[in-house]
Amino acid sequence: MKKRIKNTRFRVLALFTVLGISVLLTSCYGDGIDPEAEVETIISDFAGNDAVSVDRSGNVYVSEFGQFVGANGNGTRVFKVSKSGKLTEFLSDLTGPLGNAIDGQGNFYVVNGSGGGSGDILKITTDGTRTVLATINGFPSGLTLDYQNNVYVSNFGTPTVHKITPSGEVSVYATDPRLAGGVGIDFDRRGNLVVGNFATADILSIDPNGSVSLIATIPDIAVNGFGIGYITVVGNSVFATGIGVNKIFRITLDGEIEEFAGTGEAAVIDGPIKEASFNGPNGITADKYGKALYISEFGGTGALRKIKLK
């Protein structure tokens, strides 16, 4: 009997030791992220150069903003890239499409036609029906969803984040001067909205009451007004594209900043994250399990890149 008790105690102690080591490794390497992760190119010579989303099946969707012509981008499409790497046109006949997202039912949302003082938030159902869910004043840019399929929209032109209900009711979720210039937007695990400011390289947090606070400012990355392209949250980390400096940054929710990937050279070079290069990294998202990052590029002839995190 005593021997059984000793064995049980030993097993419990061993279990807690293993768990402790696991927690320590996760803490040391940032949400369990592989410190030897590598960058790979999924598609080169790629016109999709803006926001990126991944559905539950692992298909990747990329907006084609194009280049500025007047007040709008001249891109017209959203591309779909299957898990096997097959490229197709998912949507067409758009005007400079920007932020996008997919809900749990497979409905697709995209920001369209910003630049003329307002932009439309389009909803495309699984049968292809396209409707304008809402029109937002300013220069609506990025968007994300909550679990109730409410849509949250950042705004490059006004100091606001808007909330749109599934029925199309629009309200101002938060307002703060630092939100003007916002593009990248995502939820953290605490239910706060995180917004990356394209122009200032600020990363801001908005709590459920709409109060705005600064997480961090990535220093010395804004080049000719190009700071943070988009952001995505994985665990306790915010990943942000340094579009003007050709790097990917990791910022903890406590505000610690790390140069995560990229040498700074404007090139499409695969390899270990500290040796690989990007050309104007812009859109960024993680898959539904936080195991991989997908990144679009604004520079050169464009590319879709992937970093396997775990």
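Let's start with asparagine 150, which is found in the loop between β12 (140-145) and β13. Strands here are DSSP runs (E, at least two residues), and they are numbered from the N terminus. This is a predicted model, where local features need pLDDT of at least 70, side-chain atom pairs count only at pLDDT 80 or more, and totals for chains, interfaces and linings use all residues. Residues are numbered from 1 along each chain as its sequence is written, and side-chain values use heavy atoms, with hydrogens and water left out.

Is asparagine 150 buried or exposed? Asparagine 150 has a relative accessible area of 9%, so it counts as buried. (Buried means under 20% relative accessible area, exposed means over 50%, and partly exposed is in between, using a 1.4 Å probe and protein chains only.) Leaving aside neighbours within four places in sequence, asparagine 150 is in contact with Thr144, Leu145, Lys163, Ile164, Thr165 and Pro166. Contact here means heavy atoms within 4.5 Å.

Now hop over to serine 44, which sits in strand β1 (residues 38-44). Serine 44 is partly exposed, at 45% relative accessibility. If you skip residues up to four places away in sequence, serine 44 touches Gly302 and Ala303.

How much can you trust the model? The predictor's confidence in each residue is called pLDDT and runs from 0 to 100. The chain averages a pLDDT of 92, and 90% of the residues score at least 70. Over residues 1-6, though, the pLDDT is below 50, and this stretch has zero contacts in the model beyond near neighbours in sequence. Residues 12-29 also have a pLDDT below 50, with three contacts beyond near neighbours in sequence. Where pLDDT is low, the predicted coordinates should not be read in detail.

Next, the rings. A search of the whole structure finds 12 aromatic pairs. Rings of Phe, Tyr and Trp (its six-membered ring) pair if their centres lie within 6.5 Å; planes under 30 degrees apart count as stacked, over 60 as edge-to-face and the rest as tilted. Here are two of the pairs:

| Pair | Centre to centre | Angle between planes | Type |
|---|---|---|---|
| Tyrosine 152 and phenylalanine 187 | 5.1 Å | 90° | edge-to-face |
| Phenylalanine 226 and phenylalanine 298 | 6.4 Å | 50° | tilted |

Tyrosine 152 lies in strand β13 (residues 151-155) and phenylalanine 187 in strand β16 (residues 182-187), so this pair ties together parts that are 35 residues apart in sequence. Both tyrosine 152 and phenylalanine 187 are buried.

What about the tilted pair? Phenylalanine 226 is in the loop between β19 (212-217) and β20 (228-234), while phenylalanine 298 is in the loop between β26 (292-297) and β27 (303-308), so the pair ties together parts that are 72 residues apart in sequence. Phenylalanine 226 is partly exposed, with a relative accessible area of 31%, whereas phenylalanine 298 is buried at 18%. Phe226 and Phe298 also belong to one aromatic cluster with Phe139, Phe156 and Phe198.

Technical notes:
Helix = DSSP H or I, 4+ residues; strand = E, 2+ residues; numbered from the N terminus.
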